[in-house]
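Open the model in your viewer and keep the sequence panel beside it. The stops below say what to select and what is found there.

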Amino acid sequence: NHYEMVMGSRLELGLPKAFRPMHYTGNRLFSALVKFLFNYPVQDLLTGFRVFSRDFIKNVHLVSRGFEVETELTLRAIGQDLAFIELAIPYVERPQGSRSKLRTFRDGWIILRMVFHLWQHFRPLRFYSLLSALFFATALWAPPVVHTAAAFASALFLVLGFSLNQQMDAQRMRFNRRSKRRSKAAQARRKAA
């Protein structure tokens with residue numbers, strides 16, 4: 001159906017005892033954070049059950065090395081305006097004798113860093129506007145020596161956010177035009193075959 005990625009969402013049909021309690025709660029919290037920061041509803045951010053189109057593989061360049069790869073896949077799809085869908089899938093307990101390699105707090109910290117790194121990258125205006133507001137608030141209550149520096153930093157972050165946002169919008173438009181051309185060419189090849 002012309003999706004670039006299909007994700008298997010485990011939380012709806014999965015057996016509750018199949019998840020370690022902190023992992024289930026963490027997944028819900030990270031999914032809510034992504035919904036808040038990126039304004040995009042994601043049910044199961046940390047699922048590893050995924051299928052990709054060739055275009056997705058060619059155009060999404062990952063930097064992750066570990067458990068945060070699922071987060072990066074989803075956020076890059078959101079940031080690059082790639083069509084994807086989540087489908088509810090069953091999920092059951094691990095086989096007897098096997099154990100998870102996940103370390104709850106260490107991996108949670110890595111995922112959190114990835115979310116904020118990609119938020120800064122794909123939503124620079126929101127990210128730097130927040131920093132600007134924090135420095136502006138500091139400038140209001142700071143002593144005169146700090147006031148000027150905080151006001152300058154506030155303005156600098158706001159200008160940086162606008163500039164990076166313009167660049168990101170231009171990049172997104174170029175990517176969407178290329179993607180549409182590829183899609184039309186692929187459809188023409190299918191019809192010819």
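**Stop 1: helix H3**

Select H3 and colour by burial: Glu 70, Thr 71, Glu 72, Leu 73, Thr 74, Leu 75, Arg 76, Ala 77, Ile 78 and Gly 79 are buried, where buried means under 20% relative accessible area, exposed over 50%, and partly exposed in between (1.4 Å probe, protein chains only). That is ten of the eleven residues of H3, so the helix is mostly covered. Helices (H or I, at least four residues) and strands (E, at least two) are DSSP runs numbered from the N terminus.

This is a predicted model, in which local features need pLDDT of at least 70 and side-chain atom pairs count only at pLDDT 80 or more, while totals for chains, interfaces and linings use all residues. Residues are numbered from 1 along each chain as its sequence is written, and side-chain values use heavy atoms, with hydrogens and water left out.

Asp 81 follows H3 and has a positive phi, near 55°.

**Stop 2: H3 against H4**

Axes are lines fitted to C-alpha atoms, for helices over the stretch in contact, and angles run from 0 to 180 degrees between N-to-C directions. The crossing of H3 past H4 is right-handed, meaning that the near helix is turned clockwise from the far one by less than a right angle.

To show the contact (heavy atoms within 4.5 Å), select Thr 71, Glu 72, Leu 75, Arg 76 and Gly 79 on H3, with Ile 111, Met 114, Val 115, Leu 118, His 121 and Phe 122 on H4. Six of these residues are nonpolar, three polar and two charged. Here Ala, Val, Leu, Ile, Met, Phe, Trp, Tyr, Cys and Pro count as nonpolar, Asp, Glu, Lys and Arg as charged, and the others, Gly among them, as polar.

An α-helix has 3.6 residues a turn, so residues three or four places apart point the same way.

**Stop 3: H1 against H4**

Keep H4 and bring in H1. The axes of H1 and H4 come within 11 Å and cross at roughly 10°, which means that H1 is roughly parallel to H4. On the H1 side, the contact includes Met 22, His 23, Phe 30 and Leu 33; among its H4 residues are Thr 104, Phe 105, Gly 108 and Ile 111. By class, the contact of H1 with H4 has 14 nonpolar, three polar and no charged residues.

**Stop 4: H4 against H5**

At what angle do H4 and H5 pack? For H4 and H5 (residues 124-141) the angle is about 105°, with the axes 5 Å apart. H4 is therefore roughly perpendicular to H5. Select Trp 119, Gln 120, His 121 and Phe 122 in H4, which meet Pro 124, Arg 126, Phe 127, Tyr 128 and Leu 130 in H5. The residues of this contact divide into six nonpolar, two polar and one charged.

**Stop 5**

Go to Ser 9 in strand E1. Ser 9 is buried at 5% relative accessibility. Beyond neighbours within four places in sequence, Ser 9 is in contact with Gln 43, Asp 44, Glu 86, Leu 87, Ala 88 and Ile 89.

Next, select Arg 10, in the loop between strand E1 (5-9) and helix H1 (21-38). Is Arg 10 buried or exposed? Its relative accessible area is 10%, so Arg 10 is buried. Show the side chains of Arg 10 and Asp 44, which make a polar contact at 2.8 Å. A polar contact is a pair of N or O atoms within 3.5 Å; within protein, one must be able to donate a hydrogen and the other to accept it, and residues adjacent in sequence count only if both atoms are side-chain atoms.

Thr 47 lies in the loop between H1 and strand E2 (50-52) and is buried at 0% relative accessibility. A polar atom of the Thr 47 side chain lies 2.7 Å from the backbone oxygen of Gly 8. Leaving out residues up to four places away in sequence, Thr 47 touches Met 7, Gly 8, Arg 10 and Glu 70.

**Stop 5: positive phi**

Most residues other than glycine have a negative phi. Select His 2, in the segment before E1, where phi is positive, near 65°. His 2 is exposed, at 61% relative accessibility. Finish at Asn 39, in the loop between H1 and E2, with a positive phi of about 55°. Asn 39 is also exposed, with a relative accessible area of 59%.

Technical notes: Angles under 35 degrees count as roughly parallel, over 145 as roughly antiparallel, 65 to 115 as roughly perpendicular and the rest as oblique.
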